[in-house]
Amino acid sequence: MLRKPNDDNPQSIAGFIGTSPAMQDVYAMTHRVAASTASVLLVGETGTGKELIARAIHELSQRGSGPFVRVNCGALSESLLESELFGHVRGSFTGAVANRAGRFEAAHTGTIFLDEINSTTPKLQVKLLRVLQEREFERVGDTETIQVDTRVIAASNRELLDEVAKETFREDLYYRLNVVPIYLPPLRGRRTDIPLLVNHFLETYCRDNARDKMTIHSSAMEALTRHHWPGNVRELQNVIERCVIMSDSDELTLKLLPPAFRGEQSAVAMPGRGGDLDSLARDLVEQGMASAPDGDVNLFDRVVSRVERELIAQMLAACDGVQLKAAAKLGINRNTLRKKLLEHGLDESTEE
Ligand SMILES: Nc1ncnc2c1ncn2[C@@H]1O[C@H](COP(=O)(O)OP(=O)(O)OP(=O)(O)O)[C@@H](O)[C@H]1O
Ligand SMILES: [Mg+2]
């Protein structure tokens, strides 16, 4: 996606949907860091837009006309990743039949995006630290030192400080990368953006599928807004695409959503600000404080039961209603899950 050079409104970034304060912070940070040469660490759950931000930083920067090179550090073994990043010389290992430049060299004058940086091994972390500090390295099996001028953007779907504490990630590398951290908020932490994203993807997929623009029924929008979205924007995008493909009518109704959304809708059709467990528990405690006289022996059971129902409904939603998967994720056996689904009246919204 090419950006215009005057795309400098700090309140927005071309290609990004969302006006929540949390996203505005992200846009402002992105514009600010794009103008610098600092290393950037992007942290956020899966599907929150880390790669999209990495590309935006590159395109908004002075290096925008240079190469953008993405390397998924989680997809390759240590030795393959080492050769991918730094290149190798002929004969340096079995199969190295010719000299080969690595991705750092390919990213010269541009940006290298190290995705899933948390997956790198200690040996590679040492080499990465040197590139970040000295801007130099050697190809595998070579003695000649190569200088590179590239900006490093790294992404992690885990809090890297936890990995530092567990000693699986080098502290010095962490601080080198973390010059400017940008946190991509999960969708459930910025629910006001959900209707905007839903309408955006509805429009996009109607256009892509050459069909008339669809509208959405308010109950469907409500269910989408309440969903937990463990897969964040990517998950939402997929749900809307599926609805557009499956729909015979011009209105997206609740019936069209995956089964788990319907169960979830009833699961949260109770007083509460939303589907989050913490706000649900808070609401229930407030209700208990307001209405129950001291010594209400049922309060604990009532609250736990509602939280349990919410947890199960959300996990089922995340697993597309597949019981076996939800039970495994919850760490309970399938029969226990079935019993609880019956108890909570959630049994109709699932698949075996
Ligand atoms: N704010 C947003 N507005 C519009 N589309 C978005 C937004 N955030 C993410 N997307 C879209 O959601 C999808 C996932 O985004 P992206 O690949 O950048 O996520 P990610 O954080 O890198 O995920 P992962 O950790 O799984 O690699 C992409 O199709 C992207 O275009
Ligand atoms: Mg990604």
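A polar contact is taken here as a pair of N or O atoms within 3.5 Å. In this predicted model, a nitrogen atom of ligand 1 meets that criterion with a polar backbone atom of Ile17, at 2.9 Å. Two further contacts involve oxygen atoms of the ligand: an N or O atom in the side chain of Thr46 lies 2.5 Å from an oxygen of ligand 1, and a polar backbone atom of Glu51 is 3.1 Å from an oxygen of ligand 1. Ligand 1 taken alone exposes 630 Å², of which the protein buries 84%.

The shell around ligand 1 comprises 17 residues, and those that come nearest are Ile17, Thr46, Gly47, Lys50 and Arg234. Classified by type, the shell contains 7 nonpolar, 6 polar and 4 charged residues. At least two shell residues are supplied by each of helix H2 (50-60), helix H8 (193-208) and helix H10 (232-246).

Definitions and conventions. Residues are numbered from 1 along each chain as its sequence is written. Chains are lettered from A and ligands numbered from 1 in the order in which they are written. This is a predicted model: local features need pLDDT of at least 70, side-chain atom pairs count only at pLDDT 80 or more; totals for chains, interfaces and linings use all residues. Side-chain values use heavy atoms; hydrogens and water are left out. A residue is near a molecule or strand if one of its heavy atoms lies within 4 Å of it. A polar contact is a pair of N or O atoms within 3.5 Å; within protein, one must be able to donate a hydrogen and the other to accept it, and residues adjacent in sequence count only if both atoms are side-chain atoms. Accessible areas come from the Shrake-Rupley method with a 1.4 Å probe; for residues, only the protein chains shown count as cover. Helices (H or I, at least four residues) and strands (E, at least two) are DSSP runs, numbered from the N terminus. Ala, Val, Leu, Ile, Met, Phe, Trp, Tyr, Cys and Pro count as nonpolar, Asp, Glu, Lys and Arg as charged, and the others, Gly among them, as polar.
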